[in-house]
Structures are given as structure tokens and as C-alpha cells.
Amino acid sequence: MKPIVAIVGRPNVGKSTFFNKITGTHDALVDNFPGVTRDRLLGEAVWDGREFTLVDTGGFADEDEEIFAPQIRAQIDQAVINADAVILMLDGKGGMTPFDADMVEMLRAVEKPVFFVVNKIDAPQHENRLHDFYRLGVEPLYPVSAEHGYGTGDFLDDLVAALPAMEPAETVGDESLIRVAVVGKPNAGKSSLVNRLLGEERLVVSDIPGTTRDAIDSLLTRNGKNYRFIDTAGIRRKAKVSRKIEKFSVIKALRSLDRCDVALIMIDAGEGITDQDITIAGYAYERGCGCIFLLNKWDTVEKDRNTTRQYMENLRHQARFLGFAPALTISALTGLRIQKIFNMVDTVYDQYTRRLGTGELNRIMERALTHREPPMHKGKRLRFYYATQVATRPPSFVCFVNYPEAVHFSYQRYLVNQIREESGLDRTPIRLMLRQRTGRIDFGSRKKKQMRKRRR
């Protein structure tokens, strides 16, 4: 799991600017995956090789602070509970306010790292603005400029040093755990499904309070395989809950997705497939999880001969980015097709952890490049030299190309589809990364050399 760092503070102290600076983005709404909705308040950051999730919580104050005082306190509590470290952002240009002092008092009892960052200090000669904040009785104070980057390096060094280490893959005995997260909207039937899976088999090894809060991890052994089922809180639509509160349910789901191999995306079939269902699926896709769609409450759906086909076509249309994910209609209440879930999880997990031999992979690439020749770039043919698998969970491949930036996404998608078809990796996400390399030997020249040998 990646550690989570929450930024709290008053409005207009520079939290969002700091967020964009650290995550390396200029617009939190930018999205590289068609059909995937991202929350503007969450971002991935890396410093000195350490990865963490950064959360911009928004302003906790209002002109009429008395009216919003309960909500302000609730937001601070939620941010602290869900984060591994907290940043209190202060305004070095506007100076200290009574609200800053109240925030500091609330954070004094926190038993996790709290960093006090004074923003809008963009040069050493402006560090005298810190004097006002020493009255808060906290140290150290970190002078930074979110806009210009002043002081951020020294602060980030201390921040990542205080973060907990990312957890390694969990095992039971000598067998690897298959970690399965159950995610979806509230009332989609997540807890009912987990109870059904555990209760019918009666093979629960133990119940463990999840490291993700408001989630329960349950261990199950079935047919010699060990599973960890992670039941998560529902992710609500923004229309049904305040934007700030919504953020925390997303954080909980992301923590579960960070530590799972396969995500069971629960959809209330009686309600139909909604934008929020697709948003949740997008979170799993971005995390690189193996995914399975479960259309629950199928017993409540009025059906005719075309109902299943129409549901599946609608699902495939709305979640085009997860075209490889299998889907199943179930009823957690009646047990309809519940046992088929295990076979699906096993299939996805086997592909998710599979490693292709280098020779096999390069033969697949050679056939793909022969069948559909790479395009030209500035009068030169794109050349693919060599491919190798660099990781599993999910299967990740690197291919060396003379001009990687010139490879159109459609051709890259074609290569991924060829790998899927010929290797049998049709139920797992696949990552194909392109790297630059110069050399004389490529797939085309290798084939010509083989033809010359045959002629001899």
C-alpha cells in the first residue's frame, strides 16, 4: 500500500498549488485513459524513490466559521484518521490567524507525523515571516513556496523519511495469497457477497481487522488456495454527499485497490449501470488491478431473452477501457452463480501473475510487426528492436524502439492486442512501455537473416 499524506488548512493558503507542484501536474482533471473519471483531490507523488498518495482536502474555513465549525472539525478528524501523515499548510504572506491556532491544538494529540508548512515564502530573506508562526509553539516550521518550489526539497526529504514502508506481498505459509477487493457503491451488496462466500464454505481461517479502516479482511482457504477478501465501504456519488466527505470514501477504496490482485466491481443490476459504477471501475483500472464485473441482484431484474445481452453490451460500451475484464450476473442474496466467482478469480489471477519467456514474446512481436508494418516517422520506418517482460501483477513489457515518442497509441494498442491473442492473456491488464534504443538488429533484419540461412 502506498502511504497517504493529507494536506489540511484554511482556504487560499496554497494547498492546491502545493498539490500540483508535488504531484507534477497542472490540472488534476487531466486523464490519460478514455472513459475514466478521476477525482481532482487525489494524486500520486514520488520523491527520492518513495511513492505516496497526496490528498488536497480543500479549505476548512468559511467567512461564517461558527456555522461551519462542526463540519470543519469533522473534516480534520477524517483527514487525520485516513492519512499516514498530515501537512498543515499555513499562509506565510497573510500571517497567522486564530483559526490556525485552533487547527494546531486539534492536531497536537495526533499520534502520527504532522508537518507544519509555511507557504508563500519564496526566498531566504522572506523567512523572517516565520516569526509570527513560532507563537504556535510547534516546530520545525518548513518555509516553502508552492509556486516556485523554494524549500520543497528539504521538506519532502523529511516527509518521506517519516512515512511507513510500503507493505510487501502477503503470504500464508508457502502459498501466495490471492488478494481480492470488493468495491462498489453503497448497497451494491458487497458485504452480502463476502458473507455468502465465507459462510457457505465454512473454511474461514481467521477474521482480521483490515489495515484499511472501515474494511474487514477475511482469510479463506478453498481447494488448497488461500484468498484474502477485502470488504470496503461504498463510494458515493458527489451529488449525494459533500465533496470533501466523498474524498475519504475514495481514499479507503484506493487503499484496498493498492493492496489487491483482483477487484470485484459490484454493480446493482436492479439500478442499472451508472456513471459512478464506471468511475469506480476506473480507479481499479488506474491501479493496474485484475478486474471482474459482478452484476448483483440479478434476481430482482425483470428479464426477457435479450436482457443479459443488453446489460453486457451496455457495460462494454460504458467501460471500454476494461474490455478484457470478465463479467458475471449474480445474486448474493440467493447464491445465484456465486461459486463461479472463484473460477473467474483464479483465471484472472493466473494471467495477472504470468510471465512470458523472452523468446516467446519476441516471436509474438515479430509476427505482429510482419502482419502490420510499423508506420513511418520523418521519412524513416519505425523499428522495434527487442521486447522483454519486466514485471507481473500486471504483466508489464518493455519494447525498445528507435523513436518511441512517434509510436501512435493506436499502434501500441494493436501490439497489446496481439500479445493478448497469442499468449492467452485475455483476462488481465497489460502494460506495454516503449524505450529508445539504437542498434542494427531489429525484428525485420532478424527475419531477413533467417531467410538467408534457409536459402543456403
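Start by selecting leucine 88, which sits in strand β4, residues 85–91 (strands are DSSP runs of E, at least two residues, and helices are runs of H or I, at least four, numbered from the N terminus). This is a predicted model, where local features need pLDDT of at least 70 and side-chain atom pairs count only at pLDDT 80 or more, while totals for chains, interfaces and linings use all residues. Residues are numbered from 1 along each chain as its sequence is written, and side-chain values use heavy atoms, with hydrogens and water left out.

Is leucine 88 buried or exposed? Buried, at 0% relative accessible area (buried is under 20%, exposed over 50%, partly exposed in between, using a 1.4 Å probe and protein chains only). Now show its contacts (heavy atoms within 4.5 Å): leaving out residues up to four places away in sequence, leucine 88 touches Val8, Gly9, Met103, Val104, Leu107, Phe115, Phe116 and Val117.

Pick aspartate 132 and arginine 135, whose side chains pair up at 2.4 Å, N to O. Aspartate 132 is partly exposed at 26%, whereas arginine 135 is exposed at 60%.

Then jump to helix α8, residues 307–318, where glutamate 313 and arginine 309 are four residues apart, so about one helical turn separates them. They form a salt bridge, with the closest N and O atoms 3.1 Å apart. Glutamate 313 is partly exposed at 45%.

Note on methods: A salt bridge is a side-chain nitrogen of Lys or Arg within 4 Å of a carboxyl oxygen of Asp or Glu.
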